[in-house]
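Please keep the structure open as you go through the points.

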Amino acid sequence: MGSPSDHAASLNAARADKSFFGHPRGLATLFFTEMWERFSYYGMRAILILFMTAAVTQGGLGFPTAKAGLIYATYTSMVYLMAVPGGWIADKFLGLRKAVLFGGIIIMAGHICLAIPATPTFYLGLAFVVVGTGLLKPNISATVGGLYGPEDARRDSGFSIYYMGINLGAFISPLVVGWLAQSDRFKATLGGMGIAPENSWHFGFGMAAIGMFLGLMGYVRGWKHLGEVGMRPNAPESPEAARRDRRKLRWGIGSVIALLALVTILAGQGLITVTPEKVGRIFGYVLSFTPLVLFPYLYFFCGFSRHERKQLIVIMVLFFGSAVFWSLLEQAGSTLNLFAERNTDTSSIPSSFFQSVGPLSIVLLAPVIAALWTWLGKRQPSSPAKFALGLLFATLGFAVLIIAARLSAQGVKVSPLWLLATYLLHTLGELCLSPVGLSAMTKLAPQRIVGFVLGIWFLATSLGNFMAGFASSMYESMPLNNLFILITGIALVATLLMAASIRPIRRMLERD
């Protein structure tokens, strides 16, 4: 296994490398792994709500928008919520690297299930993707952070490059998966082969599985370039602490199994009725309550130092700003996807193609923003200031849609330029906030819980995803103009609160 000095030498060598555009070569491995994982996720997401709301005669599930919106909200939020236990399991048991590998395998199995045209495998596939992403997503980001020392000036730039890989996969996937799922030409090809054209949706889901397979192959081949980063779980503080962690894991797994068994028995006896809508609502309450318990627990009961508690306060502020931000951007796959399908002129392209606009903008603009932060150096805005900018751009994106909604209320399909403007504004906001947020979490997190803190970061994304999906469930029950006004108003309030926190946070950290 090598001595501690060998491990340290391997880690330092991986960090000192500059062969990937001035960054460690291991960044290239993680760049392409995450690119293909996001290809699989965003490709499936681009057609998910459209598949659920499509008529049964068109190969869809025929769900009403209210039901599909809650299922979408629950699924996308659980994808990121599982990052919390996923980060903890990596910290305590697997290590970052193995967690990423196992997570990718489970994700691929999930997409294979979705490729099978049956309702039970649909829900099973969603469950597999949820569990697999929970293992992979926080831990691959933490591995990126491990490639840089605490004072390495390349850190923010490295995360921006890594984020470009995420969006390269997100750009390609809706074009490929969306074409397979919705293209009349591909449906005609299936018909010529004796395959029911309405099964085209499942070929799209199958392509997502292929994307994850390619990501796994690249990850295994580039394993050696990561050195010792993330190879082992954190050493327990004591044998008793290790035993306590094992008890927590057994208790957690046992509780989930017992809950599922209880619900199954009660439903089988007719004592309760389990529907996706009820599950979604209950999950939404639990999800909203979780951060209200989690942050006080970390602050008061985990034995952190005074400086670490200040860091937790900053993490909490950024958490809530991030949750609101993602509640706006993640409507791309729900509310904005429905707006593209039903209210936008898409006579020349499948509506799912719009899902590629934001990622393409990020691929083009990410190098510019990364260079800007590097050029500004110590003069660049603080993390809370960048968050406020991100929220402002996202708010402006929905303000644009208020006008588009008024035009579409007259019964005409509006120009695609309205959505393009919204996605461009959202892209600018995302580049200000998201890669900077990942970097901030790896810097602010107490070292012994870095994977767990990355999980908390994705919990904010989970909460935002649920709110985004819930907004889409009101697509038919509320006039679009009023819906977009409500969303814009909430976003504006969050922007002002984040801007007001910039100076207090700076003074608090400077006093330490």
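G59 sits in the loop between α2 and α3, where helices (H or I, at least four residues) are DSSP runs numbered from the N terminus. This is a predicted model, in which local features need pLDDT of at least 70 and side-chain atom pairs count only at pLDDT 80 or more, while totals for chains, interfaces and linings use all residues. Residues are numbered from 1 along each chain as its sequence is written, and side-chain values use heavy atoms, with hydrogens and water left out.

- G59 is buried, at a relative accessible area of 16%; buried means under 20% relative accessible area, exposed over 50%, and partly exposed in between (1.4 Å probe, protein chains only).
- Between G59 and H202 there are 143 residues of sequence separation, and their C-alpha atoms are 9.1 Å apart in space.
- M82 belongs to the loop between α3 (65-81) and α4 (83-94).
- With a relative accessible area of 26%, M82 is partly exposed.
- M82 and A235 are 153 residues apart along the chain, with 23 Å between their C-alpha atoms.

**How α2 meets α7**

- Two packed helices are described by the angle between their axes and the distance between the axes.
- For α2 (residues 26-53) and α7 (residues 155-182), the axes come within 6 Å and cross at roughly 40°; axes are lines fitted to C-alpha atoms, for helices over the stretch in contact, and angles run from 0 to 180 degrees between N-to-C directions.
- The crossing of α2 past α7 is right-handed, the term for a near helix turned clockwise from the far one by less than a right angle.
- The contact of α2 with α7 has 21 nonpolar, 7 polar and 2 charged residues (Ala, Val, Leu, Ile, Met, Phe, Trp, Tyr, Cys and Pro count as nonpolar, Asp, Glu, Lys and Arg as charged, and the others, Gly among them, as polar).

**Along α11**

- Helix α11 (residues 276-301) has 26 residues and spans 36 Å from its first C-alpha to its last, close to the expected 38 Å, which is 1.5 Å times one less than its number of residues.
- A kink of about 25° falls at T290 in α11, shortly before the proline P291; the bend is the angle between axes fitted to the seven residues ending there and the seven starting there.
- Buried residues of α11 include F283, L287, P291 and L294.
- Just after α11, G303 has a positive phi of about 70°.

**Cysteines**

- The whole structure has 0 disulfides, counted as pairs of cysteine sulfur atoms within 2.5 Å.
- C113 is buried at 12% relative accessible area, and C432 is buried at 8%.

Note on methods: Helix = DSSP H or I, 4+ residues; strand = E, 2+ residues; numbered from the N terminus.
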